[in-house]
Amino acid sequence: MSTKDFIEKDYYKVLGVPKDATEAEIKKAYRKLAREYHPDANKGNAKAEERFKEISEANDILGDPKKRKEYDDARALFGNGGFRPGPGAGGGNFNFDLGDLFGGGAQSGGGGFGGGLGDVFGGLFNRGGTGTTRTQPRRGQDIESEVTLSFTEAIEGATVPLRMSSQSPCKACSGTGDKNGTPRVCPTCVGTGQVARGSGGGFSLTDPCPDCKGRGLIAEHPCLECKGSGRAKSSRTMQVRIPAGVTDGQRIRLRGKGAPGERGGPAGDLYVVVHVGEHPVFGRKGDNLTVTVPVTFTEAALGGEVRVPTLGGPPVTLKLPPGTPNGRTMRARGKGAVRKDGTRGDLLVTVEVSVPKDLSGKARDALESYREATAGEDPRAELFEAAKGA
């Protein structure tokens, strides 16, 4: 959702409720409209689909008390399409970043709208030369790493060591960038780390300050270790728990395990991409494990009991019914991969009739007798009949 949509769209009108509607009234209105315009009830109706999206968007804002307050405050501030300074604001044109209204987006490390209107007013009047300038906390960078697990570790879960390199506060200058530990506020951005550039329409966009590189601080005596950046490369080893049931290529997010933040800001996140090795016996199909079990011709024809291996557990015995065809799949419940809810999938056992390469004289005589006894049967007769009728 764009900032323009957030300010200009009337979500109360979309849901058909008054501005002082209670949470219960908003929920009731949303459910009624959602049932009416749901895509399943209006297949092929593009207008209904678009209307359903608008309803869902409105409910996402008005159904959340925090987002609703920010929306109401933003509408009150920009209700007529622009910012109008009140008496005592000094008049003139104010340029500011609408991103501050929503907590900085990716910089804040969260989704949706955070921070509230305090950042707008604080940043607005500080840049105007009044009030107290303060540098904002900065969230640490996200880090991505990879880990390779065995097939069994992926199914059962494992704790693995990860060695990571990232930018962290320089120890020599305590993250200030100044070897004396006394950096000064950047005069260009007045400590905000951002400079405005006009975009027309009465608003301005912001870029990282070119003088302080977005830090808001400038080192008079740059630290020899970090060259005044306040950041230095560091390595650390972390024990990371990979949950049971992960799949090959899955990307796991570990909140707050990334690079440390600056000036009290939160740490970034760690993303771990999992690679899973193959198993010589078992395969995987979703939450189920797969295995192919060879059986003899007599077991398939006459039936019997077959012992089947399981991953990390004792074998299970499956009953093979008489006349089991080659390729038939049977199921051993609860012997598969671990699901998110802690339950397990199944083990899918596929039967493969094993044809002996070498026969003893007695076995050959028995098979010759069987062939004579079934000489009148043609297993391919139906195949040819079907081919003629096609």
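Helices (H or I, at least four residues) and strands (E, at least two) are taken as DSSP runs and are numbered from the N terminus. The model described here is predicted, and for that reason local features need a pLDDT of at least 70 and side-chain atom pairs count only at pLDDT 80 or more, while totals for chains, interfaces and linings use all residues. Residues are numbered from 1 along each chain as its sequence is written, and side-chain values use heavy atoms, with hydrogens and water left out.

A salt bridge is defined as a side-chain nitrogen of Lys or Arg within 4 Å of a carboxyl oxygen of Asp or Glu, and a search of the whole structure on this basis finds twelve salt bridges. A network of salt bridges links Arg139, Asp142, Arg253 and Asp269. Of these residues, Arg253 lies in strand S8 and is partly exposed, with a relative accessible area of 36%, where buried means under 20% relative accessible area, exposed over 50% and partly exposed in between (1.4 Å probe, protein chains only). The C-alpha atom of Arg253 is separated by 9.2 Å from that of Glu144, the two residues being 109 residues apart along the chain.

Asp269 lies in the loop between strand S8 (251–254) and strand S9 (270–276), whereas Arg139 lies in the loop between helix H6 (118–127) and strand S1 (143–149), so the pair ties together parts that are 130 residues apart in sequence. Both Asp269 and Arg139 are buried.

A further salt bridge joins Glu57 to Lys9, with the closest N and O atoms 3.1 Å apart. Because Glu57 lies in helix H4 (residues 46–62) and Lys9 in the loop between helix H1 (3–8) and H2, this pair ties together parts that are 48 residues apart in sequence. Lys9 counts as partly exposed, at 29% relative accessibility. In the salt bridge between Glu368 and Arg371, the closest N and O atoms are 2.8 Å apart; both residues lie in helix H9 (residues 361–373), three residues apart, about one turn of the helix. Glu368 counts as partly exposed at 31% relative accessibility, and Arg371 counts as exposed at 54%.

Rings of Phe, Tyr and Trp (its six-membered ring) are taken to pair if their centres lie within 6.5 Å, with planes under 30 degrees apart counting as stacked, over 60 as edge-to-face and the rest as tilted. A search of the whole structure finds three aromatic pairs. The rings of Tyr11 and Tyr71 have their centres 5.1 Å apart and their planes at 50 degrees, so this pair is tilted. The pair links distant parts of the chain, with Tyr11 in helix H2 (residues 11–15) and Tyr71 in helix H5 (residues 65–77), 60 residues apart. Tyr11 and Tyr71 are both buried.

Tyr71 also forms a tilted aromatic pair with Tyr12, at 6.1 Å centre to centre and with 40 degrees between the planes. Since Tyr12 lies in helix H2 and Tyr71 in helix H5, the pair ties together parts that are 59 residues apart in sequence. Tyr12 is buried, as is Tyr71, and ring pairs link Tyr11, Tyr12 and Tyr71 into a cluster.

On the surface, Lys27, Lys28, Arg31, Lys32 and Arg35 gather in a patch of positive charge. Patches are made of residues with over 30% relative accessible area and no salt bridge, like charges being joined within 9 Å and nonpolar side chains (Val, Leu, Ile, Met, Phe, Trp, Tyr) within 5 Å. Lys32 lies in helix H3 (residues 23–37) and is exposed, with a relative accessible area of 57%.

Two loop residues complete the description. Cys186 is placed in the loop between strand S3 (184–185) and strand S4 (194–200) and counts as buried at 0% relative accessibility; Cys186 and Ala219 are 33 residues apart in sequence and 9.0 Å apart in space, C-alpha to C-alpha. Thr176 is placed in the loop between strand S2 (158–169) and S3 and is buried, with a relative accessible area of 18%. The C-alpha atoms of Thr176 and Glu262 are separated by 9.4 Å, these residues being 86 residues apart along the chain.

Conventions
Areas by Shrake-Rupley, 256 points an atom, 1.4 Å probe, with all protein chains shown as cover. Lys, Arg positive; Asp, Glu negative; His and termini not counted. Charge placed at Lys NZ, Arg CZ, Asp CG, Glu CD.
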